[in-house]
Amino acid sequence: MAVDLTPRQPAKAYGGEGGAYYEWSPADLPMLGVASIGAAKLSLAAGGMSLPSYSDSAKVAYVLQGKGTCGIVLPEATKEKVVAVKEGDALALPFGVVTWWHNTAESATELVVLFLGDTSKGHRPGQFTNFQLTGASGIFTGFSTEFVGRAWDLKQDDAAKLVSSQPASGIVKLSAGQKLPEPVAEDRKDMALNCLEAKLDVDIPNGGRVVVLNTANLPLVKEVGLGADLVRIDAHSMCSPGFSCDSAYQVTYIVRGSGRVQVVGPDGKRVLETRIEGGSLFIVPRFHVVSKIADASGMEWFSIITTPNPIFSHLAGKTSVWKAISSEVLEASFNTTPEMEKLFRSKRLDSEIFFAPN
């Protein structure tokens, strides 16, 4: 049975004055369940804080907008890392990591963070389950005051008061003057990579640019088990048809801009042809070939691939399969003339991955 690949926008899961948490559901985007991928977005207003929590899934976080602070407690760590984050930052968050996020009270913009991750070991395939440490839905609201008091060495009355003192769930807005720890510059090391400032892995004039996240530039990617990239293509440029060579799913969030996408699967069947625009998410099934063409505004997207060091095979351009295949095989495969084979091979000799408009 064919799976609907139509790009979708997220739905609000919860929130309040401090901000909101949005998520994509397998009910609306079935490929999330098929691929065991979770996708969500956190938006914090000025002064908003996402309370400490951990997830049942390893994730990659990408800051879409604004700047703020992320607190990270790695498993068995004795001290939290307090990391300054801004637009373009990518963070790898392995299993067991406790995080909190904060947008400063003075901020003129919302802090918006995208989360993409592997839910294959989670409670619900295709959807993150987050465990809050405090608040109305916090873990300790489920324990008896006897257990909480024994665990924290508090009198039961004090334990009950502490657990119930935060009425909000998940996201709060801090009171005026309430302070949180200041970011520590050295805490960013190996924890975050800014994709807008990092060295480009691909740079095609008038075509596009790519920054790839892998174990070399963000070591925690290995523990997360995911690769990622940020791709920006210019007005009317095309991203070469290609596929992942290592049985990986590709999950793509359109950061800004718009364009068209086509995905082709087995038997030459086009399984997706649609317009895509900022805020939408779609998933390319394993070994399917995908290509995109930007509108006049250009297009930018952030993707994860379900392997830490992805390898792609392209079907157009100077690094494509066609340039490696012999003339005789190409001619026989297309059942074409030597003249057409030579014409075909003479094209795209200098173009790689991205093709600027003629």
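Predicted model: local features only at pLDDT ≥ 70, side-chain atom pairs only at ≥ 80, totals over all residues.

User: Okay, strand E8 then. Which way do its residues point, and are they buried or exposed?

Analyst: Asp89, Leu91 and Leu93 point one way from E8, while Ala90 and Ala92 point the other way, and all are buried.

User: Why is E8 said to be largely enclosed by the rest of the structure?

Analyst: Five of the five residues in E8, which covers residues 89-93, are buried, so the strand is largely enclosed by the rest of the structure.

User: Which strands does E8 pair with?

Analyst: E8 pairs with strand E5 (residues 58-65) in the antiparallel sense, over four bridges. In that pair, valine 60 stands opposite alanine 92. E8 also runs antiparallel to strand E13 (residues 192-194), joined by three bridges. There, leucine 91 stands opposite alanine 192.

User: Leucine 91 again! How should I read a nonpolar core?

Analyst: The general idea is that in soluble globular proteins, nonpolar side chains tend to be buried together. Here the largest nonpolar core has 77 residues, and those that touch the most other members are Leu91, Trp101, Leu281, Phe302, Ile304 and Phe354. A second, separate core has six residues, including Met49, Leu51, Val172 and Leu174.

User: What does phenylalanine 354 touch?

Analyst: Leaving aside residues up to four places away in sequence, phenylalanine 354 touches Val202, Ile204, Gly207, Gly208, Arg209, Val210, Val231, Ile233, Met238 and Cys239.

User: And pockets? How do I read those?

Analyst: Rolling a probe the size of a water molecule over the atoms shows where empty space is left. In this model, the largest pocket has a volume of about 440 Å³. It is lined by 22 residues, and the closest to its centre are Val210, Asp229, Phe312, His314 and Ile353. Strands E15 (208-213), E16 (227-233), E17 (238-244), E21 (289-305) and E22 (312-314) each supply at least two lining residues.

User: How does that lining divide into nonpolar, polar and charged residues?

Analyst: The lining of the largest pocket has 13 nonpolar, six polar and three charged residues.

User: What about the second largest pocket?

Analyst: The second largest pocket has a volume of about 350 Å³. Of its 19 lining residues, His102, Thr104, Ala105, Glu106 and Gln178 are the closest to the centre. By class, this lining has seven nonpolar, eight polar and four charged residues.

Definitions and conventions
Residues numbered from 1 in each chain as written. Heavy atoms only, no water. Buried < 20%, exposed > 50% of the residue type's maximum accessible area, 1.4 Å probe, protein only. Pairing = 2+ DSSP bridges. 1 Å grid on protein atoms, 1.4 Å probe; cavity = no way out; pocket = protein on both sides within 12 Å on 5 of 7 lines; lining within 4 Å. Points joined across faces, edges and corners; volume = space filled by probe spheres on them. Nonpolar A, V, L, I, M, F, W, Y, C, P; charged D, E, K, R; others polar. Core = buried A, V, L, I, M, F, W, Y, C linked by side-chain atoms within 4.5 Å. Contact = heavy atoms within 4.5 Å.
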